[in-house]
Amino acid sequence: SNGGEEELSHECKELLLSLPKEKGWRTPHLYKYQEFWCQAIEIQSIVSFQRHFQASDNDVVLATIPKSGTTWLKALAFAIVNRKRFALENNHPLLTSNPHDLVPFFEYKLYANRQLPDLSNLPHPRLFGTHLPFPSLPTSIKKSGCRVVYICRNPFDTFISSWHFLNKVNPGSKAPMSLDEAFEMYCKGVIGFGPFWDHMLGYWKESIERPHKVLFLKYEDLKEDVTFHLKKLAEFLGFPFSLEEERAGDVEKIAKLCSFENMKELEVNKAGKSIKYFENKTLFRKGVVGDWVNYLTPRMVEQLTKVVEEKLGGSGLSF
Ligand code: A3P
């Protein structure tokens, strides 16, 4: 496999020739498109998404850099906005579908495969996922009333999670990447949709300037108090929990439904496949905070700490 590059349009191949490139983690190359790194096949769908998507005022866009809690956020948002349509007790779609099927990615699903989606039949509010950095989102997302929720995770855990994931979904033809090599690339910012600091800062700044437009969440905060953040998310999305709902324990029911422990054990997440390049089970590894202590050497910790201080210091964003 060459990362799907044989499926590219002539226009996209021309574009690739003009972009800086580096060795990729999972595919031969990562290309620098609009200040972020991504795979050839992703660029094609991203260009199409940027060109064609028209946001509605009540759309919800869930944005992340990979391995920061995308699956979790999609599950939570889906359960919150659809709780009148789907009762939380039984037969909930999240029990039989992976969150990535219920909340499609623009770049991996809707605008992939050189096709334009028909989005007119989706129930409102429409929920979408994306890994694009804020500045690269289509204008209509930025200008409309559409809301954006961003979740990020401390860079140490995000790195370890990415390294495990990308080696797991590695097409057999490519040698697994060592922790050292992956680490050097991560610190240079060369990772899908990275540099991670630019990704975080883009949404961070926007969430400060326009708090009603962008809600900024952290994986660690959700782990610490999921109920509090679930309520905050519901309010932001315009679906606050009523007193009766709170009394009935609906917030806790959603937290439990979307918990790592529950989702990991579902048949669909043990044996299913929702995204072209990997199986659902690769999306559920440990789901804890701080697993990086088991992998990073003191020298690595020092190096990444320095990068984080240099890039995020003074922004007000910390982990
Ligand atoms: P680990 O590799 O540290 O276990 P993404 O969903 O953005 O791909 O992120 C994947 C990370 O989130 C993995 O982290 C995965 O285990 C964890 N994760 C997946 N589902 C989760 C859930 N429902 N709650 C908490 N963490 C979850």
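**Figure 1. Contact of helix 12 with helix 14 in the predicted model.** In this predicted model, Val 226, Thr 227, Leu 230 and Lys 231 of helix 12 meet Val 251, Glu 252, Ile 254 and Ala 255 of helix 14. The residues of this contact divide into 5 nonpolar, 1 polar and 2 charged. The two helices, of which helix 14 spans residues 250-257, pack at an angle of about 105°, and their axes lie 10 Å apart. Helix 12 is therefore roughly perpendicular to helix 14, because angles of 65 to 115 degrees are counted in that class.

Figure 2. Asp 225 sits in the loop between helix 11, residues 219-224, and helix 12, residues 226-236. Is Asp 225 buried or exposed? Asp 225 counts as exposed because it has 12 C-beta neighbours inside 10 Å, and a residue with 12 or fewer is placed in that class. Between the C-alpha atoms of Asp 225 and Ala 255 the separation in space is 10.0 Å, although 30 residues separate the pair in sequence.

**Figure 3. The largest nonpolar core and the surroundings of Leu 76.** The largest nonpolar core has 76 residues, and those that touch the most other members are Leu 62, Leu 76, Ala 77, Val 149, Tyr 150 and Leu 233. Helix 3, which covers residues 70-81, contributes the largest share of this core, with 9 residues. When residues up to four places away in sequence are not counted, Leu 76 touches Leu 230, Leu 233, Ile 254 and Cys 258. As general background, nonpolar side chains in soluble globular proteins tend to be buried together.

**Figure 4. The shell of residues around the ligand.** Of the 21 residues around the ligand, the ones that come nearest are Thr 70, Thr 71, Ser 161, Arg 285 and Gly 287. Helix 3, helix 8 (155-168) and helix 15 (260-264) each supply at least two residues of this shell. By residue class, the shell divides into 7 nonpolar, 9 polar and 5 charged residues.

**Figure 5. Trp 37 and its contacts.** Trp 37 belongs to strand 3, residues 36-38, and is buried, since 25 other C-beta atoms lie within 10 Å. Leaving aside residues up to four places away in sequence, Trp 37 touches Leu 30, Tyr 31 and Lys 32, and also Val 190, Ile 191, Gly 192, Phe 193 and Gly 194. For Trp 37 and Gly 194, 157 residues apart in sequence, the C-alpha to C-alpha distance is 5.7 Å.

**Figure 6. Backbone geometry in the loop between helix 9 and helix 10.** Phe 193 is found in this loop, and its phi is near 70°, a positive value in a residue other than glycine. Phe 193 counts as buried because it has 23 C-beta neighbours inside 10 Å. The peptide bond from Gly 194 to Pro 195 is cis, with omega near 5°, and Pro 195 also lies in the loop that runs between helix 9 (179-188) and helix 10 (196-209). For context, most residues other than glycine have a negative phi, and most peptide bonds are trans.

**Figure 7. Backbone geometry in the loop between helix 6 and strand 5.** Arg 114, in this loop, has a positive phi near 55° although it is a residue other than glycine. Arg 114 is exposed, since 12 other C-beta atoms lie within 10 Å. The loop between helix 6 (106-110) and strand 5 (127-130) also holds Pro 125, and the peptide bond that leads from His 124 to Pro 125 is cis, with omega near -5°.

How values were computed: Residues are numbered from 1 along each chain as its sequence is written. This is a predicted model: local features need pLDDT of at least 70, side-chain atom pairs count only at pLDDT 80 or more; totals for chains, interfaces and linings use all residues. A nonpolar core is a set of buried Ala, Val, Leu, Ile, Met, Phe, Trp, Tyr and Cys residues joined through C-beta atoms within 7 Å. A residue is buried if 20 or more other C-beta atoms lie within 10 Å of its own, exposed if 12 or fewer, and partly exposed in between; C-beta atoms are placed from the backbone. Helices (H or I, at least four residues) and strands (E, at least two) are DSSP runs, numbered from the N terminus. Two residues are in contact if their C-beta atoms, placed from the backbone, lie within 7 Å. A residue is near a molecule or strand if its C-beta atom, placed from the backbone, lies within 6 Å of it. Ala, Val, Leu, Ile, Met, Phe, Trp, Tyr, Cys and Pro count as nonpolar, Asp, Glu, Lys and Arg as charged, and the others, Gly among them, as polar. Axes are lines fitted to C-alpha atoms, for helices over the stretch in contact, and angles run from 0 to 180 degrees between N-to-C directions. Angles under 35 degrees count as roughly parallel, over 145 as roughly antiparallel, 65 to 115 as roughly perpendicular and the rest as oblique.
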